[in-house]
Amino acid sequence: MSDGPPPSLSQRPPRILVEDDRTGTSPAALRRAYLDHLRFSRGRNGDGATPLDQYTAWALTVRDRVVGRWLETQQVYRRGDVKRVYYLSAEFLLGRLFVSNLLNLGLLDVARDLARELGLDFDALADEEPDAGLGNGGLGRLAACFLDSMATLGVPAIGYGIRYEYGIFEQAIRGGHQVEKADEWLRFGNPWELSRPDHAVRVQFFGRTQRYVDDSGAARVRWIDTRDVMGVPYDTPIVGYGRDNVNSLRLWSARSTSEFDFELFNGGDYERAVYDKTSSETISKVLYPNDSVQVGRELRLRQQYFFVACSIQDLLRRYRRTHATWDQLGGKVAIQLNDTHPSIAIAELMRVLVDVEGLPWERAWTLTQQTFAYTNHTLMTEALERWSVDLFERMLPRHLEIIYDINTRFLRQVQIRYPNDPARIRRMSLIEETPSKNVRMANLAVVGSHSVNGVSELHTELLKQDVLADFAELYPERFNNKTNGVTPRRWLLQCNPRLARLITEVLGDGWPSDLARLSGLAKHADDAGFRARFAEIKRDNKRRLAAHVASRGGPALDPSSLFDVQVKRIHEYKRQLLNVLAIIALHLRYKRGAPVPGARVSFLFGGKAAPGYVNAKKIIRLVHGVAEAVNEPGGPYVVHFLPNYRVSLAELIIPACELSEQISTAGTEASGTGNMKFALNGALTLGTLDGANIEIEACVGADAFFQFGLTAREVAEHRARGYRPRDFVERDPELAEVLELVRRGLFSPDDPASFHELVDELLTRDPYFVLADFRAYVDARLAAIAAYSGEETWTRRAILNVAGSGRFSSDRTIAEYARDIWRTTPVDVEAPPYVSDAGRDGAS
């Protein structure tokens with residue numbers, strides 16, 4: 001039976017616009033979108049939804065609001081035929097994206113309120129998101145900050161890297177020892193990425209080269225009989241703060257060209273049936289495989305070439321979409337090499353232009369140099385990558401030939417400029433002849449780029465005077481400095497919201513995109529009311545961190561104690577060992593009844609050691625051994641190691657820190673960015689004159705910087721005249737006692753000999769001058785502890801510290817790259833307005 005005629009159009013309910021539900025930003029539109037995703041994307045009703053379902057539905061809701069802007073951004077860039085930056089990096093340590101995307105979209109407060117209305121714990125939802133396992137330390141976190149700033153400043157850019165399935169590793173501590181576990185960050189998928197299998201590319205390895213004459217009679221080379229792998233791209237949107245620009249991070253995942261051999265499978269050879277698949281996909285499994293063994297070194301080179309080859313093909317495809325010739329390549333494409341890992345890209349671009357596209361060598365080389373720029377991140381010669389010529393010849397035979405050709409032409413220039421100087425020729429050659437034959441990747445990066453930059457003023461000067469001195473003399477116009485910075489959105493606005501609100505209250509809301517405005521805080525440092533509010537925010541952040549430590553079985557941290565923090569990659573040059581030895585000295589004084597100098601102190605450590613780095617792992621074990629001895633009820637000191645240091649944990653630690661340990665040997669740290677994050681959040685610095693520490697001290701003032709130790713020049717002088725670490729021990733009975741206790745096994749009773757080699761190396765070599773700086777470090781630390789007893793003075797210094805941190809925004813750094821190196825101009829994107837559903841939403 002009929003229900004009667006259909007209602008007239010005027011009687012029908014208002015039509016729900018799907019586009020509005022995908023893009024609307026009102027609470028009603030967000031609520032509908034979340035519930036729709038919960039039902040249709042996760043297959044759940046409200047009552048049956050797990051926390052993971054709820055988080056994923058929320059993430060997809062946020063992603064919907066990003067995608068429209070993302071598509072419009074790409075259209076604007078394409079229509080304008082703008083110059084694009086392609087940022088090649090082995091690491092992108094993004095951290096969690098849920099809160100940061102809401103923040104950059106201006107929807108964080110709306111989302112929090114809506115979650116509360118829905119009966120959801122917003123912070124618990126955010127904790128469901130794993131940290132993306134795409135980096136290890138400062139290099140990857142810098143790349144992430146740069147992506148944020150490029151989008152925020154409107155710089156047309158794409159980041160290129162590897163989609164590591166298991167990331168670096170998840171660190172667990174068992175019996176004081178680091179244990180590596182697979183970091184399964186993709187176990188439940190990643191709602192922020194979109195797979196683009198239609199843009200997959202083929203990458204060649206191994207094989208041989210063949211010379212031939214083409215139809216025009218020109219001599220050519222082809223690369224044949226190769227073993228190929230497919231690179232499948234996954235795109236993640238990078239949202240600009242306070243604007244509609246959304247750039248892209250494209251990460252490559254390795255796939256086999258032949259997923260499954262059905263004939264072998266039917267014959268019962270099940271393992272060989274999937275061998276190609278397993279072998280190929282190993283490339284993108286793990287960040288930085290252990291290179292202490294040959295297969296690990298081979299895998300690292302395969303990783304580097306894999307993502308570089310994928311990226312070069314992709315960016316050239318984008319260029320050729322709107323350009324019929326190669327004439328404008330240097331004017332439309334800027335490729336930035338983030339350290340030496342992607343420097344094989346120079347040889348790869350030459351291969352494509354010469355072998356595939358048929359350009360004459362000199363024309364191709366001119367375009368290559370116009371296109372590439374190189375950022376150096378290390379002063380340590382051993383960290384400048386070298387690859388065995390034998391390995392290159394097997395894995396990348398055509399690239400080795402190209403590098404030889406580049407080298408021949410380059411050394412001819414050097415000989416003309418510096419005749420009768422064979423030592424200079426040996427130093428500058430792209431091929432190291434002794435003690436073994438290797439390809440010097442840093443030399444290739446310098447020769448093939450139009451710009452070479454350091455990342456702090458000291459680092460750049462040391463590059464020009466020492467590490468790359470010959471190249472700086474030959475090409476002085478190429479060398480420049482771009483001091484690193486950090487994004488204030490994540491590292492203050494997001495991680496320290498109460499302090500951010502206080503700053504906004506007195507400075508207005510423009511400072512997150514113009515950090516120089518922080519200088520306006522200086523006039524409030526003498527305001528007792530402002531100091532009290534600032535100090536209470538710091539205490540609250542310390543309580544949060546103390547609660548986190550206690551919830552995971554750690555010691556009770558007294559929020560009234562000085563929080564002294566060193567969190568970073570565990571490496572001997574970063575000198576966590578110096579920190580531990582000084583703690584032992586303070587503990588010995590306390591046990592002998594010496595007066596405790598000032599406040600109680602909570603010494604906090606965190607960081608991962610590379611799986612094959614034996615000494616770094618021993619340092620982690622020593623920290624735990626010292627904690628077992630030092631931590632006692634009512635004692636003045638607590639030592640704790642926070643396991644599995646990562647971005648989300650840093651967001652908890654950094655706002656709580658009061659004394660930032662930046663104690664690397666002078667002349668070893670290129671810049672550092674942790675030092676900037678701590679300073680930005682009001683921590684005073686205990687540090688050497690290394691990296692960007694020098695610039696931080698200049699900006700925040702000497703009162704906020706407890707400086708100690710040898711300078712880079714003094715370190716070099718010690719090395720030149722022959723450094724004898726035992727001399728410092730013989731002159732310092734306290735240091736001698738500390739070393740003897742460590743060596744004797746007081747802090748490793750289960751294995752008394754475990755630290756013998758660590759101590760013996762200090763006494764005989766001490767490559768990072770731990771013993772030379774020990775006394776100055778202890779004295780500077782005692783001065784900091786004593787200063788903490790004056791709370792009002794300390795708080796005033798902390799406020800001035802924040803006020804002086806405006807220079808260290810990654811926005812400033814990226815603006816300098818864009819102006820001086822890339823020669824790009826900002827592009828404004830305005831996402832088109834969407835019609836709201838007035839009947840259901842009111843506004844959108």
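How many Å does helix α35 (residues 810-822) span between its end C-alpha atoms? The answer is only 16 Å, whereas a straight helix of 13 residues would span 18 Å at 1.5 Å a residue. Bear in mind that this is a predicted model. Here's a quick tour of that helix, a pocket and a sheet.

**Helix α35**
- Of the 13 residues in α35, 10 are buried, so the helix is largely enclosed by the rest of the structure.
- Among those buried residues are Asp811, Arg812 and Glu816, along with Ile814, Tyr817 and Trp822.
- At the helix start, Ser809 brings a side-chain oxygen to within 3.0 Å of the backbone nitrogen of Asp811.

- Elements giving two or more residues to the lining include α4 (98-105), α5 (108-117), α6 (122-127) and α23 (528-551).
- Helix α22 supplies the largest share of the lining, at 5 residues.
- By residue type, the lining splits into 16 nonpolar, 14 charged and 7 polar.

**A three-stranded sheet**
- The 3 strands make an open, antiparallel sheet, ordered β13-β15-β14.
- β13 (386-388) and β14 (431-432) sit at the edges with a single partner strand each, so one side of each has no neighbour in the sheet.
- β13 pairs with β15 (residues 438-440) over 3 bridges, in the antiparallel sense.
- Ser388 stands opposite Asn438 of β15.

How values were computed: Residues are numbered from 1 along each chain as its sequence is written. This is a predicted model: local features need pLDDT of at least 70, side-chain atom pairs count only at pLDDT 80 or more; totals for chains, interfaces and linings use all residues. Side-chain values use heavy atoms; hydrogens and water are left out. Two strands pair if DSSP finds at least two bridges between them. Helices (H or I, at least four residues) and strands (E, at least two) are DSSP runs, numbered from the N terminus. Ala, Val, Leu, Ile, Met, Phe, Trp, Tyr, Cys and Pro count as nonpolar, Asp, Glu, Lys and Arg as charged, and the others, Gly among them, as polar. The expected span of a helix is 1.5 Å times one less than its number of residues. Buried means under 20% relative accessible area, exposed over 50%, partly exposed in between (1.4 Å probe, protein chains only). A polar contact is a pair of N or O atoms within 3.5 Å; within protein, one must be able to donate a hydrogen and the other to accept it, and residues adjacent in sequence count only if both atoms are side-chain atoms.
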